[in-house]
Amino acid sequence: MSFPTFAVVGHPNKGKSSIVSTLVEDASVVVSPVPRTTRESRAFDYGLSGETLFRLVDTPGFQRAHAVLAWLEAHARSAEDRPRAVAAFVDAHDGDERFVDEYELLKPLVEGAAILYVVDGSVPYGSEYEAEMEILRWTGRPRMALINTIGADDFIEVWRRALDQYFSIVRVFDAVHADVEKRTEVFSAFGALDPTWQRSADRINAAMLDERVRRRQAAAGVIVDFLGIAMNATVERTVSSEQTIDTSRLKAELEARIERDEQRTQARVAEIFGFRDLVVEGRQEIEVGESLFAERTWQMFGLSKSQLAATAAAGGALIGGGFDLALGGATALLGSGIGAAIGAASAWFGSQRAADRRLFDAHVGARLKVGPIREPNFPWVLLGRAWFHFQLVAERNHARRDALRLVVGSGQWMENLPALERRELAREFVRLRRGGDRGRAVSLVADLLNQPIDTRKS
Ligand SMILES: Nc1nc2c(ncn2[C@@H]2O[C@H](COP(=O)(O)OP(=O)(O)OP(=O)(O)O)[C@@H](O)[C@H]2O)c(=O)[nH]1
Ligand SMILES: [Mg+2]
């Protein structure tokens, strides 16, 4: 085969499928705490631009290793005869109820796959694994072992001493938390295991990094589109009966619409990273800064007062505040003494909200429009939250099956944003508000997303 192909094998429930999921960056691999979840071998390819760079075959775990080894011993005369005996075993047991799992897991090896043996380094080593390792040695295929750690205990060194005798490469690899660097290590080992794979190994590592750049760029585009839409969003209503209009209701409607757009944006960013239907937890919780329009959210993700002042002083920043409120159509107002177009000055959110509950009496047919939101901090809050969500998704391992927790500590997310970037972004916000070209904004946001910030900071 021209690209590296590995069968991922081992005991049931040791994280084989999780490792496949992580390495091929495919969150659709079935992973579960129930042993014997994987019942059939299944190939997963990792590729770029339609070209396969490597293949992992997920397999069921060994069930009857001792019986298989006994069969093999009875069918091989000498060491050079062992790989043939393994092939003969697979030939002789197609459809055999007793060896369904072994048939499935040995078949890809007989067909030429190399071996990725997975063990759990958080449980003690036991000699019951020796029959499995012996069978794998009999295949004669290139072999490496990964020590996964499912639980908290550490028996890694004992495992290593045993595995070193059967496998030419042994690596510790946490299936659920391995970062890009750890994955790079495994791919590089492909090349060390079989010299003809060296070039493939280099290409896999390069492709993985290229793909990250592409995803970041795509996410920046999605986020900038959202910023443009949110900054220009308005809600309009035609007064349908003689009534008193409470602007806070229209404001709530506008907020809800922008929040829905934000969630859609987050879902699209998650999808760019290969996460479909990701369950998100924490949107409703206080620590998260609850909703987009909670005062705490603005403190956490917006610029500080001094950052905001410095950015505005440098020119180009959004000035003014509050939101636009316009009333048009038929004779608009009854007795309120305010003109037909009102540039509302009070802040959009937070403690000033109560003061902002303005009541208007309006005639039937009058048009009332709320928005766009003019708060200088509004685009920063949108961007800060998007950046935070991006980071969680970008560093998320595909083997994880828990919900994404949008929870931050009490820090100020934008605190480390350099003044120069702030000024440039501020200028682009103005351009987006006017519906201008988004190209520069996308590249600025892509640069921003490339700056790692500790999402656990508090
Ligand atoms: N915390 C933690 N959990 C893990 C890790 N690796 C696997 N798990 C969990 O262990 C369970 C088994 O993982 P799978 O990947 O399904 O294991 P498998 O070897 O494919 O299991 P079978 O297909 O049943 O043989 C799942 O609940 C995983 O989420 C790990 O490194 N850390
Ligand atoms: Mg499995």
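In the chain, 75% of the contacts with a separation of 6 or more are made by residues 24 or more positions apart. The structure described here is a predicted model. The chain has 458 residues, of which 37% count as buried, and its secondary structure consists of 14 helices and 14 strands.

The largest nonpolar core contains 57 residues. Within this core, the residues with the most contacts are Phe6, Ala7, Val8, Ile115, Tyr117 and Ala145. Six residues of the core belong to strand E4, which spans residues 114-120 and contributes the most to it. Another core lies apart from this one and has 50 residues, including Val222, Ala366, Phe390 and Leu432.

Helix H4 covers residues 100-110. Its buried residues are Asp101, Glu102, Tyr103, Leu105, Leu106, Pro108 and Leu109. After H4 comes Gly112, which has a positive phi near 115°.

Strand E3 also takes part in strand pairing. Strand E2, residues 42-48, runs antiparallel to E3, and the two are joined by seven bridges. Phe44 has Leu56 of E3 as its bridge partner. E2 and E3 form a hairpin with two residues between the strands. In this hairpin, Ser49 adopts a positive phi, near 45°.

The site of ligand 1 was considered next. Ligand 1 is surrounded by 23 residues, and the closest of them are Gly15, Lys16, Ser17, Ser18 and Thr38. By residue class, the shell around ligand 1 is made up of 10 polar, eight nonpolar and five charged residues. Helix H1, which spans residues 16-23, supplies the largest share of this shell, with three residues.

Definitions and conventions:
Residues numbered from 1 in each chain as written. Chains lettered and ligands numbered in written order. Predicted model: local features only at pLDDT ≥ 70, side-chain atom pairs only at ≥ 80, totals over all residues. Core = buried A, V, L, I, M, F, W, Y, C linked by C-beta atoms within 7 Å. Buried ≥ 20, exposed ≤ 12 C-beta atoms within 10 Å, placed from the backbone. Helix = DSSP H or I, 4+ residues; strand = E, 2+ residues; numbered from the N terminus. Near = placed C-beta within 6 Å. Nonpolar A, V, L, I, M, F, W, Y, C, P; charged D, E, K, R; others polar. Contact = placed C-beta atoms within 7 Å. Pairing = 2+ DSSP bridges.
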